[in-house]
Amino acid sequence: RSSLASIGMNTVKFSFKGRSEAVTAPESISSAALLALARNSLQIDDDIVLKLIFKGKTIAQQNMPANDGSSAVDDEGSKRAFPEGVKIAKSGAKVIVMGTMTSGIATLNSMRSDPLMRGFDEEKLSVSKAKRSGVTSSTFWGPKLGSQHPKYKFCRLEECKDASFGTRPTSSTPHAFEARRLLEQLATDPGVVQVLTSRDLVVGCLGEIDPIDDRLMQKKQQEGACLLGYNTNHGLRIDIKLRTDDLSGFRPYNELASTLIHELSHNWVSEHDALFWTNFGQMRVEYLWKHACLILGGLFVNGKRTASLALVMHMIVFPSDGRDTPTKAKLMDNICQSVMKELAGEMAQHRLPVQLVAPAVIGFGKDLMLETKDDSIGIGQGQRLGTLSDDISGLSVRERALAAAEKR
């Protein structure tokens with residue numbers, strides 16, 4: 001090596017697909033000349049495009065052959081392959097040779113990208129845009145309802161990664177992506193958004209409880225209790241247990257939403273006393289009332305009511321109400337009955353009678369109903385299906401039927 005260096009020569013060891021060849025080359029050899037030397041010494045066919053890598057960096061790269069079959073090197077082919085001052089070991093410069101068939105490159109370039117899949121650049125742009133806006137959105141509740149309030153919201157969502165609780169690719173537990181979508185669904189639930197907005201609430205993070213290695217959950221289980229969620233520092237962070245005990249799926253959505261509102265109530269009161277249950281009951285009434293207003297307003301999301309998507313329709317509309325949509329007063333009465341029943345079961349665990357909070361919760365519901373104006377929820381602004389949006393009140397029945405048929 002020392003004798004070669006004295007005359008300006010280097011030993012170059014090419015490595016390609018398990019084969020290696022050692023050659024001598026001038027220290028100032030160009031990238032194009034080094035490519036030709038590698039092809040000749042390793043006897044590589046001309047239909048393979050080469051790339052040379054030295055110390056982790058590309059020092060020479062060949063472009064696709066031209067139509068006449070001649071090889072083409074990039075614009076830097078005339079530059080030195082080995083930069084000046086680079087240290088080369090005494091044993092020689094070890095250069096990795098990478099080759100790709102021209103037919104494979106042509107096939108790849110001719111393929112169209114899937115329009116339904118984001119590229120890396122598009123994904124990075126989408127993530128940065130979401131971070132700048134700071135507003136979580138979800139398509140579950142439709143385009144009109146699928147976003148948080150710009151100010152009163154969950155600032156960050158944090159799902160539990162699969163690796164953190166020891167799952168394997170063959171396990172049946174839902175993927176972390178599904179957990180993320182479920183957190184987005186909770187954060188953009190119209191009822192939850194209403195509760196946050198009316199109370200000016202901002203929560204630092206909405207996260208998922210680790211189903212296996214959560215210390216607080218383990219402590220509660222040792223005490224004989226079941227932890228479904230907890231609130232850290234009065235709203236700095238709220239964590240919810242999303243998965244079932246056997247990790248085979250998620251808990252029912254209506255239970256998750258109730259747990260989230262339970263933890264939001266801890267923003268004001270830590271202990272499970274009468275004040276806490278009063279606040280929780282009022283928040284539950286407001287949550288259900290928001291979905292009831294969307295029923296009265298005639299809103300559908302993918303052919304379903306939001307109350308059906310939230311699995312709370314049975315708490316708002318009773319089977320005894322018949323097929324017609326109940327009145328505002330009837331819906332609020334149903335909601336108050338449902339919330340009182342829910343509170344009775346939960347307060348019994350803390351040896352508290354529901355009668356302690358019933359007057360405050362029911363009174364809150366009545367005031368909320370009276371404050372809700374018909375025009376604010378779309379009552380009276382609907383239109384019979386098949387009619388024109390223009391004023392047709394002056395037309396006869398036959399003319400209206402013809403106009404509707406013409407529009408269809």
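Trainee: As I understand the terms, buried means under 20% relative accessible area, exposed means over 50%, and partly exposed is in between (1.4 Å probe, protein chains only). Is Glu-159 buried or exposed?

Mentor: Glu-159 counts as buried, because its relative accessibility is 12%. Before we go on, this is a predicted model: local features need pLDDT of at least 70, side-chain atom pairs count only at pLDDT 80 or more, and totals for chains, interfaces and linings use all residues. Residues are numbered from 1 along each chain as its sequence is written, and side-chain values use heavy atoms, with hydrogens and water left out.

Trainee: Thanks! What does Glu-159 form a salt bridge with?

Mentor: Its partner is Arg-180, and the closest N and O atoms are 3.4 Å apart. A salt bridge here is a side-chain nitrogen of Lys or Arg within 4 Å of a carboxyl oxygen of Asp or Glu. This one links distant parts of the chain, 21 residues apart: Arg-180 is in helix H6, while Glu-159 is in the loop between strand S7 (157-158) and H6. Helices (H or I, at least four residues) and strands (E, at least two) are DSSP runs, numbered from the N terminus.

Trainee: How many salt bridges does the structure hold?

Mentor: There are 11. One of them joins Glu-178 to Arg-181, with the closest N and O atoms 2.3 Å apart. Those two sit three residues apart in helix H6, so about one helical turn separates them. Glu-178 is partly exposed at 36%, and Arg-181 is partly exposed at 44%.

Trainee: What about Glu-208, which residue does it bridge to?

Mentor: Glu-208 forms a salt bridge with Arg-243, and their closest N and O atoms are 2.6 Å apart. Glu-208 lies in strand S8 (residues 205-208) and Arg-243 in the loop between strand S10 (237-240) and H9, so the bridge ties together parts that are 35 residues apart in sequence. Both partners are buried.

Trainee: Which residues are linked in a network of salt bridges?

Mentor: Look for Arg-156, Glu-158, Arg-237 and Asp-239.

Trainee: Changing topic: at what angle do H6 and H9 pack?

Mentor: Helix H6 (residues 176-187) meets helix H9 (residues 253-265) at about 60°, and their axes are 11 Å apart. Axes are lines fitted to C-alpha atoms, for helices over the stretch in contact, and angles run from 0 to 180 degrees between N-to-C directions. H6 is therefore oblique to H9: under 35 degrees would be roughly parallel, over 145 roughly antiparallel, 65 to 115 roughly perpendicular, and the rest is oblique.

Trainee: Which residues make that contact?

Mentor: From H6 they are Leu-182, Gln-185 and Leu-186, and from H9 they are Tyr-253, Leu-256, Ala-257 and Leu-260. Contact means heavy atoms within 4.5 Å. By class, this contact has six nonpolar, one polar and no charged residues. Ala, Val, Leu, Ile, Met, Phe, Trp, Tyr, Cys and Pro count as nonpolar, Asp, Glu, Lys and Arg as charged, and the others, Gly among them, as polar.

Trainee: How about H10 and H14, where do their axes run?

Mentor: The axes of helix H10 (residues 274-296) and helix H14 (residues 358-371) come within 9 Å and cross at roughly 30°. Their meeting residues include Gly-281 and Trp-289 in H10 and Val-361 and Phe-364 in H14. By class, that contact has seven nonpolar, four polar and one charged residues.

Trainee: What does Leu-343 touch?

Mentor: Leaving out residues up to four places away in sequence, Leu-343 touches Trp-277, Phe-280, Gly-281, Val-354, Val-357 and Val-361. Leu-343 lies in helix H13 (residues 328-348) and is buried, with a relative accessible area of 0%.

Trainee: Last one: what is the phi of Lys-55?

Mentor: It is near 55°, a positive value in a residue other than glycine. Most residues other than glycine have a negative phi. Lys-55 is in the loop between strand S3 (48-54) and strand S4 (57-63), and it counts as exposed because its relative accessibility is 57%. Leu-311 also has a positive phi, about 60°, and lies in the loop between helix H11 (306-309) and helix H12 (313-316).
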